[in-house]
Amino acid sequence: MTRGPGVGDGRTSGNGFIRAEALVVRLVGILLGLALIAMVLVNVANAVGRYSGWFSLVGADELLVYGMIWIVMLGAILAARSRDHLSINLLPTAMSGGLAATLQIVIDVATVAVSLFIAWHSFDFISRIAALNQTSMGLGLPMVIPHSAILIGFAGIAAVTAFLTIVDISRLSVSERGRK
């Protein structure tokens, strides 16, 4: 399975853009991890408070559900960037060279198409929810915020995968020219 540009191949020291991108990816990963730890702490505090009878954190359950959705969707963008997202790589690993690269490009184009389809329908749904001014029951949070995670996640997956597809196409064309 091919990785994204500069992922795990030691090339992150040469190009400033690649170094900056790797730093952003690392920081986002750390922030998502810290957010997950914070959510566990909120869940523990809420459980202790509720079962001891001392207090109850209003909206904690909503916060945990919506936070988890955001963490999953932002994490999916990072997984798409390193091509660690959902895939069955039996066929691509059995292939090599230009055939494997071509199959990866086909998979990436399909991923971009499906992600854009989902993002578009999510945008349409968010538009309808925004018109209703619907808010959550516990936190009073506009429902546009949790529903936007799907839009941001799939738009991000589409953008990252489109970029990786362009990189793969350029690598394939360079290798094909090198063979001639």
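Here are some notes on a few helices, a loop and a surface patch in this structure.

1. Before anything else, keep in mind that you are looking at a predicted model. The residue numbers count from 1 along the chain.

2. Start with helix α1, which covers residues 16–52. You can check its length yourself: at 1.5 Å a residue, its 37 residues should span 54 Å. Just past the end of α1 comes Gly53, with a positive phi of about 85°.

3. Which residues of α1 are buried? They are Ile18, Leu32, Met39, Asn46 and Gly49. Part of what covers the buried residues of this helix is α2, residues 60–81.

4. Now look at the outside. Leu23, Leu27, Ile30, Leu31, Leu34, Ile37 and Leu41 make up a nonpolar patch on the surface, and together they have about 690 Å² of accessible area. When you look at the spacing of those numbers, this helps: an α-helix has 3.6 residues a turn, so residues three or four places apart point the same way. Take Leu41 as one of the patch members. Leu41 sits in helix α1, and Leu41 counts as exposed because its relative accessibility is 56%, over the 50% cut-off.

5. Next, the loop between α4 (97–132) and α5, where you will find Asn133. Asn133 is not a glycine, yet its phi is positive, at about 55°. Is Asn133 buried or exposed? With a relative accessible area of 64%, Asn133 is exposed.

6. Ser136 is also placed in the loop between α4 and α5, but Ser136 counts as buried, at 5% relative accessibility. What does the side chain of Ser136 pair up with? A polar contact of 2.7 Å links it to the side chain of Glu62. If you skip the neighbours within four places in sequence, Ser136 is in contact with Glu62, Tyr66, Leu141 and Met143.

7. Finish with Thr165, in helix α5 (residues 144–179). Its relative accessible area is 7%, so Thr165 is buried. A polar atom of the Thr165 side chain lies 2.7 Å from the backbone oxygen of Thr161. Setting aside neighbours within four places in sequence, the contacts of Thr165 are Arg83, Ile105, Asp108 and Val109.

Definitions and conventions
This is a predicted model: local features need pLDDT of at least 70, side-chain atom pairs count only at pLDDT 80 or more; totals for chains, interfaces and linings use all residues. Side-chain values use heavy atoms; hydrogens and water are left out. Helices (H or I, at least four residues) and strands (E, at least two) are DSSP runs, numbered from the N terminus. Buried means under 20% relative accessible area, exposed over 50%, partly exposed in between (1.4 Å probe, protein chains only). A polar contact is a pair of N or O atoms within 3.5 Å; within protein, one must be able to donate a hydrogen and the other to accept it, and residues adjacent in sequence count only if both atoms are side-chain atoms. Contact means heavy atoms within 4.5 Å. The expected span of a helix is 1.5 Å times one less than its number of residues. Patches are made of residues with over 30% relative accessible area and no salt bridge: like charges are joined within 9 Å, nonpolar side chains (Val, Leu, Ile, Met, Phe, Trp, Tyr) within 5 Å. Accessible areas come from the Shrake-Rupley method with a 1.4 Å probe; for residues, only the protein chains shown count as cover. A salt bridge is a side-chain nitrogen of Lys or Arg within 4 Å of a carboxyl oxygen of Asp or Glu.
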